[in-house]
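The sequence and structure come first.

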Amino acid sequence: MALRLTKILRSAATNRAVLLDIDAHGVATITLNRPDAWNTFSDEVIATLHESYAKVRATSGLRALFLRANGKFFCAGADLKWMQRTADYTPEQNKEDAYKLGLMLKDLDSMPLPTVALVQGPAFGGGVGLVSCCDVAVAVSTATFTLSEVKLGLLPAVISPYVVARIGVPQARRYFLTAEKIEAPRAREIGLVHEVVADEAALNAHGDSLRSVFLQNSPTAIAAAKSLISRIAGRGTSPEVLADTAATLASQRASAEGREGLSAFFGKRKAAWVKQ
């Protein structure tokens, strides 16, 4: 699917639960659009997010993906009506339903583009999972984060690989068990979000700044860097890791963008991928 740089691509129906926009510079924005339902997950929302990620992956020339939400809440976790329905599912149906949520989160976590969560309001459960799957997270100062599952007799199981990777085992052992509300400054302290800004105007401005940053950087180097992080995390400096990292650097040096980047640097010009 070729990126049409002459126009902004927008989701046709603005009343959809999930909106996908792609701008002329190849920056995609996925927006949760169920403000009346606090942007909660349902099986339909999970399927639509999965479809949206697939469209992003299939579109050539993209440079970044932003995740945001309309309304007061970023994402209040699972839709309670959906949860009521699952109470009558068979064990196999419940497992399949939960697995679809897991696939959606894995698709976001492994996206070969830089991903940014712009959090304008409270996030619960699966909403915290979405934030944890993004490379960068920025929140307004009034945003809160709650892993509330144990209050409902449930578990943050499917989101746990991403949340534990984000905040670490010691913090997970506290917040998984207490379901305490995490205020935005505390979320920054424990690594759940990277930046806290004053309000939604500042959030949008910070998003614009990050957009500009990503448009300056090599798309293939960004994708390779993300893959590198996932491969070496927790592996130490074994001979296999040393060989892997050396081969990765050598490959990128020899790539078209690796050669172009060095040529542009020594030629004192902007690299071909740089966009304003």
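Helix H9 covers residues 219-232, and its 14 residues reach 20 Å from the first C-alpha to the last, close to the 20 Å expected at 1.5 Å a residue. The model is predicted. Just after H9, Gly234 takes a positive phi of about 75 degrees.

**The protein as a whole**

The protein has 11 helices and 10 strands. Its radius of gyration is 20 Å, close to the 19 Å that the globule rule gives for 276 residues, so the protein is as compact as a globular protein of that length. Along the principal axes, the C-alpha atoms fill a box of roughly 65 × 50 × 40 Å.

**Helix pairs**

| Helix pair | Angle | Axis distance |
|---|---|---|
| H3 (residues 91-109) and H4 (residues 126-133) | about 25 degrees | 8 Å |
| H9 and H10 (residues 239-254) | roughly 175 degrees | within 11 Å |
| H10 and H11 (residues 256-266) | roughly 70 degrees | within 4 Å |

**H9 with H10**

With axes that cross at roughly 175 degrees, H9 and H10 are therefore roughly antiparallel to each other, as angles over 145 degrees count as such. On the H9 side, the contact is made by Thr220, Ala221, Ala224, Leu228, Arg231 and Ile232. H10 contributes Val241, Asp244, Thr245, Thr248 and Gln252. By class, the contact of H9 with H10 has 5 nonpolar, 4 polar and 2 charged residues.

**H10 with H11**

The axes of H10 and H11 cross at roughly 70 degrees. That makes H10 roughly perpendicular to H11, a term used for angles of 65 to 115 degrees. Gln252, Arg253 and Ala254 of H10 meet Ala256, Gly258 and Arg259 of H11. This contact of H10 with H11 divides into 2 nonpolar, 2 polar and 2 charged residues. Gln252 of H10 is listed in the contact with H9 and also meets H11.

**H3 with H4**

H3 and H4 pack at an angle of about 25 degrees. These two helices are therefore roughly parallel to each other, since the angle is under 35 degrees. Their crossing is right-handed. In H3, the residues that meet H4 are Met104, Leu105, Leu108 and Asp109. Their partners in H4 are Gly129, Leu130 and Cys133. The residues of the contact of H3 with H4 divide into 5 nonpolar, 1 polar and 1 charged.

Note on methods:
Residues numbered from 1 in each chain as written. Predicted model: local features only at pLDDT ≥ 70, side-chain atom pairs only at ≥ 80, totals over all residues. Heavy atoms only, no water. Expected span 1.5 Å × (residues − 1). Axes fitted to C-alpha atoms, helices over the stretch in contact; angles between N-to-C directions. Left-handed = near helix turned anticlockwise from the far one by under 90°. Contact = heavy atoms within 4.5 Å. Nonpolar A, V, L, I, M, F, W, Y, C, P; charged D, E, K, R; others polar. Rg over C-alpha atoms; globule rule 2.2 N^0.38 Å.
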